[in-house]
Amino acid sequence: MAFPKSFLEEIRSRINMVDLVGRRVALKKRGRDHWGCCPFHGEKTASFKVTEDRDDYHCFGCGAHGSAFDFVMHVEGLSFPEAAERLAEMVGLEVPKLAPESREKADHVSRLAEANEAAAKWFQAQLRGNLGAEARDYLRQRGLGDKAVEEFRLGYAPDRNDGLKTALLDRGFTDRELVEAGLLGKPDDGRGSYDRFRNRLMFPIGDRRNRVIAFGGRALGDARAKYLNSPESPLFDKGRTLYNYAMAREAGRSAGTVIVVEGYMDVIALAEAGFRHTVAPLGTAVTEDQIGLLWQMTSEPILCLDGDAAGLRAARRAAERALPMLKPGKSLRFALLAEGMDPDDLVRGSGSDALSGLLSSTTPMTAMLWQGLLEEREIDTPERRAALEKDIDRLIFSIEDELVQRHYRDDLKGRMRDALRPPSRQDQGGRGGWTANWNGKRQKVEDISRLKAGMATSPVRAREEALVGALLKWPELAEQFENELDDLQLQSEDLDASLMMIREALYAEPGLDSEALARHLSRSGLERLVTRMSAPSAARLDWAAKRNPPADAVRQLFDATLRRYRVEVLQTDYDEAVAEARREVTAEAIERMAALRRALDSARAEEPTGIRGAEDGASA
C-alpha cells in the first residue's frame with residue numbers, strides 16, 4: 001500500500017514523539033531529551049533517548065532507533081501501512097482512499113490470510129479427532145504437553161488428497177485462492193488440485209502479528225521429505241520469516257536476548273522449559289533478512305545449533321553471512337551442543353539449568369570464524385600462511401562498517417600472529433588455541449570439542465561472576481562497599497542487570513540474608529541466576545571454597561577482587577587505546593591513551609599487595 005508523501009509528512013508534523021513513546025515507556029526529562037528504559041530489551045538503567053523536537057528515538061544499549069513509524073511497527077508488530085493508519089488515527093487524520101486496484105490487492109491478501117486461519121483450525125480439529133491418534137502418540141513420545149500443543153496450535157493433516165480442500169471449498173474459498181495460499185497443489189498437466197499436506201503433523205507459521213501465513217508439516221509415515229513447508233506466496237517469504245517470531249519478540253525484551261535453534265520441535269521444547277524467546281529459520285540456513293529480524297529484537301542473538309558437523313557448518317555460514325551487516329554492538333554469538341545433541345534433547349534429558357549454563361558461556365563470532373579458517377588446514381609453509389592471510393583479508397574487507405572492520409582486523413590478525421609464534425616454556429599456545437613449532441608443523445592445543453562446548457569464560461567475565469556470586473552469598477557486602485558499587489558497571493549485560501536487581505532488593509528490604517535474598521531474586525525472575533551462581537561450575541572467588549570464612553577475610557578479599565577487576569578492565573581499555581593510537585596518530589588518540597595510562601597506574605597503586613597469597617591462605 002502506497003500513501004502520498006504529503007500524507008506521511010503531515011503525520012510526522014503532528015505526532016509528538018515524547019507523547020507517543022511515553023504511552024509505553026516511563027520517560028524522565030534531562031535537558032532537551034527524555035530518557036527511559038528501552039522497551040525492546042530488558043534493562044534496569046535508562047539508555048533509551050527521545051528528543052522532543054525530532055522524529056526519532058535511540059537506545060544506546062541495544063542500538064534500536066527509528067521514527068514514529070518504526071516505533072509503532074516494532075512495539076505493536078504492525079506493517080508500515082498499518083502503522084501509518086494507526087498514527088493517522090492518533091493525530092486525527094483521515095487515511096486517503098486507496099485506488100481500486102490497490103484495494104483489490106489488499107482484499108485479496110486478506111482473503112489468503114483468512115484461508116490459512118481456517119486451515120489452521122481444521123488441522124487442529126483433525127488432531128483432536130479419531131484420525132489424529134497417531135499424531136497425538138508422536139507428540140506424547142516427544143514429551144509435549146497439551147498446553148504447548150494448544151499454544152502453538154499444532155494440528156494434523158489426514159492421509160487423503162481432498163480432506164482440507166473439501167472443507168475449505170464448503171466454507172466459500174475458491175480453488176484458486178487455496179492454491180495461491182499454498183494449501184493445495186496444482187499439477188502442471190491440467191489435473192485437479194489436491195491437499196499439499198498429507199499425513200503430517202502441522203505447525204502453523206505466524207507473522208509478526210502472529211497471523212497464520214504458512215505451515216510446516218512433519219511426515220508421520222514414509223515420505224520423500226521429512227519436513228515440508230508451504231510454498232512462497234503473497235503472504236509468505238521463507239527467507240524473511242522466523243518461526244515463533246511474535247512470542248519470542250515479546251519474551252526477548254525481558255530475557256535480553258533471543259535464541260535461534262534449527263527446528264519447530266526445538267522451539268516448542270525450549271518454550272516449555274521457560275525459554276520462550278526462541279525462534280527457528282524455516283529449514284534453511286539463516287538468511288541476511290532473518291539476521292536483520294533478529295537484530296530488531298536483540299543486539300547479540302545466540303545461535304544454539306546441533307552438535308554435529310552440519311551444525312558447525314551452519315554456524316560458520318551464519319557468521320560469514322552476518323559479516324557485511326555488522327554494526328557497533330550488533331553481532332552473533334554461538335552455543336554449540338555436544339556431538340549428537342540438539343536443544344530438545346538437552347532440556348528434556350538434563351533440564352533447563354543445563355541449557356542456561358550453555359547459554360552463559362557462548363562463543364563470539366571472531367572465535368567461530370577463526371576456528372573455521374583453521375579447520376583442515378596446515379600453515380607450515382610461507383605459501384600456506386599467505387593463503388590464510390588472504391582468507392582473513394577476505395573476511396575483514398566484507399565488513400562494511402569501518403569501525404567494526406578495524407577491530408576485526410586487529411582480532412583476526414592478532415590470532416594469526418599468536419598462531420605462528422614459536423612456543424616458549426612459559427607460553428604453550430596463543431589466542432585461539434593454536435601455535436607453531438620452529439619446524440613449521442602446526443600443533444593443536446585446544447581441540448574442537450572445547451569450542452563446541454562454548455569458549456572458556458574470560459577472566460573479566462569470571463571476575464564479574466565472582467563478584468555477583470559473593471553478593472548473593474554475603475549480602476552485607478553491598479552495604480559495606482556501597483560507594484564502590486555505585487561506580488561499578490559490569491561489562492556483561494546480564495550480570496550488570498543482576499547486580500542492579502540485587503542492590504535494589506537490598507535497598508527495599510535491608511538485612512536480607514543469603515537465603516532470603518535468593519528467594520526474593522527467584523520471585524523476581526532471576527531463579528536461573530541463583531541456580532547458576534550456586535552450581536559447581538560457577539566462577540567464584542578462591543575464598544568461596546571455604547565453608548565459613550571469617551568476616552574480615554570476606555571483606556578484605558572482596559575488596560581485592562573488586563580492585564583487580566578494575567585493573568583488568570582498565571588494562572583492556574588501555575590496550576585498545578594503544579592500538580588505536582598506533583593506527584591513527586592524532587592528539588585525541590594520544591590523550592586518551594595517556595589518560596587511561598594514568599588511571600591504570602593509579603588503580604594498580606591502590607591494589608592491595610599479596611592478593612594471591614591472601615586468597616590462597618583464606619581458602620586453605
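Predicted model: local features only at pLDDT ≥ 70, side-chain atom pairs only at ≥ 80, totals over all residues.
Asp137 is partly exposed at 35% relative accessible area. Arg140 counts as exposed, at 55%.

How many salt bridges does a search of the whole structure find? I got 28. I looked up a few of them.

Asp162 pairs with Arg160, and their closest N and O atoms are 3.0 Å apart. Asp162 is partly exposed at 33%. Arg160 is partly exposed too, at 43%.

Asp393 and Lys413 form a salt bridge at 3.2 Å, N to O. This pair links distant parts of the chain, 20 residues apart: Asp393 lies in helix α17 (residues 382-397) and Lys413 in helix α18 (residues 402-420). Buried or partly exposed: which is Lys413? I find Lys413 buried, at 18% relative accessibility. Asp393 is partly exposed at 24%.

I also found a network of salt bridges that links Arg142, Glu272, Asp344 and Arg348.

Then I turned to the strands. An open sheet has four of them, in the order β6-β9-β10-β11, with antiparallel pairing. From one strand to the next, the twist averages 35 degrees. Strand β10 (residues 212-219) is joined to β11 by three bridges. Arg218 is opposite Tyr227 of β11.

Last, I looked at helix α11 (residues 264-272). Helix α11 lies across β9 (200-206), β10 and β11, at about 75 degrees to β9.

How values were computed. Residues numbered from 1 in each chain as written. Heavy atoms only, no water. Pairing = 2+ DSSP bridges. Helix = DSSP H or I, 4+ residues; strand = E, 2+ residues; numbered from the N terminus. Axes fitted to C-alpha atoms, helices over the stretch in contact; angles between N-to-C directions. Contact = heavy atoms within 4.5 Å. Salt bridge = Lys/Arg side-chain N within 4 Å of Asp/Glu carboxyl O. Buried < 20%, exposed > 50% of the residue type's maximum accessible area, 1.4 Å probe, protein only.
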